[in-house]
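I opened this model to look up a few local features. My entries follow in the order in which I made them.

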Amino acid sequence: MSNPQQLRYTKEHEWLSDAVDGVATIGITEFAANALGDVVYAQLPAVGDTVTAGETCGELESTKSVSDLYSPVTGEVVAANQDVVDDPSLVNTAPFEGGWLFKVRVAGEPDDLLTVDEYTAFSAGN
C-alpha cells in the first residue's frame, strides 16, 4: 500500500490535498478502503454545507459495515464527487484519484494532520 507523499492524513484515515486557491480535496485512504471492504453507498456533504474539522459529515456503507466520514478541516463544501455517489466502488479502486469524496474551501489551517511517514507508521499499528 502506497500513500502519496504530497497529501496529509488524519487518524480517522482521511486524506487532504494541499489547498489550491483555498480549496482542498478530501478522500479516504487505501487502508480505510481495504478495511471497509466493498463500498456500496456513499453519503457525502452537499455543496454549500459547512463542515467542521473532526466532526462527521457523511458516511460510507460497505458490505461489511457503515463508517462515518469525518472532515479533516473546517470550511464550506464546494464540490461533492457525484461519480462516487453513482459508483461507490471508486472508493475501493481509486481512493487517491477518481474516488475522492468532496472539496472544501478551507477556513484556517489544520494543525493535527499527519505527514505520509507519520500516517504510514500510525496505520501499520492499527
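This is a predicted model: local features need pLDDT of at least 70, side-chain atom pairs count only at pLDDT 80 or more; totals for chains, interfaces and linings use all residues.

How far apart do the end C-alpha atoms of residues 23-105 lie, and how much of the span is helix and strand? I find the end C-alpha atoms 4 Å apart, with 19% of the span in helix and 42% in strand. Helices (H or I, at least four residues) and strands (E, at least two) are DSSP runs, numbered from the N terminus.

Residues are numbered from 1 along each chain as its sequence is written, and side-chain values use heavy atoms, with hydrogens and water left out.

Entry: I followed strand 6 (residues 56-62) into strand 7 (residues 66-70); they pair in the antiparallel sense over five bridges. Pairing here requires that DSSP finds at least two bridges between the strands. I checked Leu-60 and found Ser-67 as its bridge partner in strand 7.

Entry: nonpolar cores. A nonpolar core is a set of buried Ala, Val, Leu, Ile, Met, Phe, Trp, Tyr and Cys residues joined through side-chain atoms within 4.5 Å. Buried means under 20% relative accessible area, exposed over 50%, and partly exposed in between (1.4 Å probe, protein chains only). The largest such core has 22 residues, and Leu-60 is among those with the most contacts inside it, as are Ile-28 and Val-91. Strand 3, helix 1, strand 4 (39-43), strand 6 and strand 9 (102-106) each give two or more residues to this core. I also listed a second, separate core of nine residues, which includes Trp-15, Phe-31, Trp-100 and Leu-114.

Entry: loop residues. Ser-71 sits in the loop between strand 7 and strand 8 and is buried at 2% relative accessibility. Beyond its neighbours within four places in sequence, Ser-71 is in contact (heavy atoms within 4.5 Å) with residues including Ile-26, Val-51, Cys-57 and Phe-102.

I then went to Asn-81, in the loop between strand 8 (75-80) and helix 2 (82-86). Asn-81 is buried, with a relative accessible area of 4%. A polar atom of the Asn-81 side chain lies 2.9 Å from the backbone oxygen of Gly-98.

Entry: positive phi. Most residues other than glycine have a negative phi. I logged His-13, with a positive phi of about 75°, and Asp-21, with a positive phi of about 55°. His-13 lies in the loop between strand 1 (8-9) and strand 2 (14-16), and Asp-21 in the loop between strand 2 and strand 3 (23-28). His-13 is buried at 12% relative accessible area, whereas Asp-21 is exposed at 72%.

Entry: helix 4. In helix 4 (residues 116-124), I found Val-116, Tyr-119 and Ser-123 buried. They fall within an arc of 65° (taken from the directions from the helix axis to the C-beta atoms), so they line one face of helix 4. Asp-117, Ala-121 and Ala-124 are exposed on the other side. What covers the buried residues of helix 4 includes strand 1 and helix 1 (30-36).

Note on methods
A polar contact is a pair of N or O atoms within 3.5 Å; within protein, one must be able to donate a hydrogen and the other to accept it, and residues adjacent in sequence count only if both atoms are side-chain atoms.
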